[in-house]
Amino acid sequence: MPTIRFEPTKQYYATTSLVVGYALCSSLLAVINKFAITKFNYPGLLTALQYITSALGVWVLGKFGFLHHDPFKLDIANKFLPAAVVFYLAIFTNTNLLRHANVDTFIVFRSLTPLLVALADTIFRRQPCPSKLTFMSLLIILGGAVGYVATDSAFTLTAYSWAFAYLVTITTEMVYIKHMMMNLGLNTWGFVLYNNLLSLMMAPIFWVFTGEYNEVFAALVANGGNWFEPVAFTAVSLSCLFGFLISFFGFEARKAVSATAFTVTGVVNKFLTVMINVLIWDKHATPFGLVCLLFTLSGGVLFQQSVTGPPPHDSTASKQTGDASDNDDHEDNQDKKMPGKHDSI
C-alpha cells in the first residue's frame, strides 16, 4: 500500500489523536481487566478470549473491506514468533499481577519501565542517551510512583513475584516490538493479526503449564455446564473489545513516537486508572499518596516538554510520515521533536 503523508499540522493532530486514543484505551483497560479477572478468575482463558477477538476482528473487517492487513505467511510468522512470545508473556504476567495485587501495585511497577526502556534503547538499539531534562523527568515519574504506592497496602510475595516478572517482560516487549516493527515491513493491522494469532496458538501451552485447565473444568462441572453470568460476561466482553482497540492504537502510537515516550504516556495515563480505582476498590492511596501521584504526572509533563518542539512548523514532522525504515532512520529526531507517546499493556 502507498504510504499516506500528512501536512505538518495534520501530522501533529494525527499523532496526538493516536496517543490520546491509546492513553484512553490503556487507562480503561487496566480497570476493566481488574474487574474482569475479579469476576472471571481465569487469566489464561481471559487473555485467550482477547486474542481471538482481536485476530477474528481484523480478519472479518478485512474481508468486508473496512481495513487492509498483510496476509498470514509462515516465513513472516517464524520471524515474528519471538516478538509474539514476549508479547504473550507481558500480557500473561500483567493479568496475573492484577489477579494477585491491586491497581496501585501495577502502577508502580509500570512506572519503572521508562527508565529501563530508555536504558535498553541506548544500549541495544544505539539510541542517543536521554538529555539531562529527560532523565530528570523520568526520575520524577519514578519517585512519585514509588512514593504513591509506599503509602498504600503492603505487597505480598506472590504479587511481588508477578510484578517483577511483568517488569522484565514489559521492558523487553517495549524495545523488541519497536525493533520488529522497523524491520518486518508489516502494516498496523498486519502486526495486530500476527501478534494476536500467534499468541492465541501459545495459549493452550500455558493452560497446561499453569494447571488452569483443571480450574476451568472444575468450575464448569460445579456450575452444571452453565457458564453464563451477566456481570462476568459484560466484564469479559468489555475486556475483549478494549483489547482489540488497544491493539490498533498501540501499534500506531509505537510507529508515531519513540519507545520511551510511548512508555511514559502509559505511565501518565494511569491517572485516570487511579481516579477510578479510588472510587470502586476499597484499597487505595492516602492523601499523601495522591500528592505523589501529582509528582508522577508532573514528571510526565516535563518529559513531554523535553522531547517536543514546535510541532506544526518543524520540518522534521514531514519526515515522520514515511515508512518504517524512515521512522527508524530519524528516530533520534522524533525523540526530540514529536509530541507524546506510549505506554502499555
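Predicted model: local features only at pLDDT ≥ 70, side-chain atom pairs only at ≥ 80, totals over all residues.
Which residues does Thr-47 touch, if we do not count residues up to four places away in sequence?

Thr-47 lies in helix α2, which covers residues 43-63, and, leaving aside residues up to four places away in sequence, Thr-47 touches Ile-91 and Thr-95. With a relative accessible area of 0%, Thr-47 counts as buried, because the cut-off for that class is under 20%.

Let me turn to the helix pair around this residue. The axes of α2 and α3 come within 10 Å and cross at roughly 130°, so the two helices α2 and α3 are oblique to each other, and the crossing in which α2 passes α3 is right-handed. On the α2 side the contact is made by Pro-43, Leu-46, Thr-47, Gln-50 and Tyr-51, and on the α3 side by Phe-87, Tyr-88, Ile-91, Thr-95, Asn-96 and Arg-99. Sorted by class, this contact of α2 with α3 has 6 nonpolar, 4 polar and 1 charged residues.

Helix α3, residues 74-100, also meets helix α8, residues 188-210, and here the axes come within 8 Å and cross at roughly 60°. The helices α3 and α8 are therefore oblique to each other, and their crossing is right-handed. The residues of α3 that make this contact include Ile-76, Phe-80, Ala-84, Phe-87, Tyr-88 and Phe-92, while those of α8 include Phe-191, Tyr-194, Leu-198, Met-202 and Phe-206. By class, the contact of α3 with α8 has 17 nonpolar, 3 polar and no charged residues.

Is helix α4, residues 103-111, mostly covered or mostly uncovered? Helix α4 is mostly covered, with 9 of its 9 residues buried, and among these buried residues are Asp-104 and Arg-110, as well as Phe-106, Ile-107 and Phe-109.

Finally, the protein as a whole. Its secondary structure comes to 16 helices and 0 strands, and buried residues make up 52% of the 345 residues. Of the contacts with a separation of 6 or more, 90% are accounted for by residues 24 or more positions apart. The accessible surface comes to about 15,800 Å², and 69% of that surface belongs to carbon and sulfur atoms.

Methods. Residues numbered from 1 in each chain as written. Heavy atoms only, no water. Axes fitted to C-alpha atoms, helices over the stretch in contact; angles between N-to-C directions. Helix = DSSP H or I, 4+ residues; strand = E, 2+ residues; numbered from the N terminus. Parallel < 35°, antiparallel > 145°, perpendicular 65-115°, else oblique. Left-handed = near helix turned anticlockwise from the far one by under 90°. Contact = heavy atoms within 4.5 Å. Nonpolar A, V, L, I, M, F, W, Y, C, P; charged D, E, K, R; others polar. Buried < 20%, exposed > 50% of the residue type's maximum accessible area, 1.4 Å probe, protein only. Areas by Shrake-Rupley, 256 points an atom, 1.4 Å probe, with all protein chains shown as cover.
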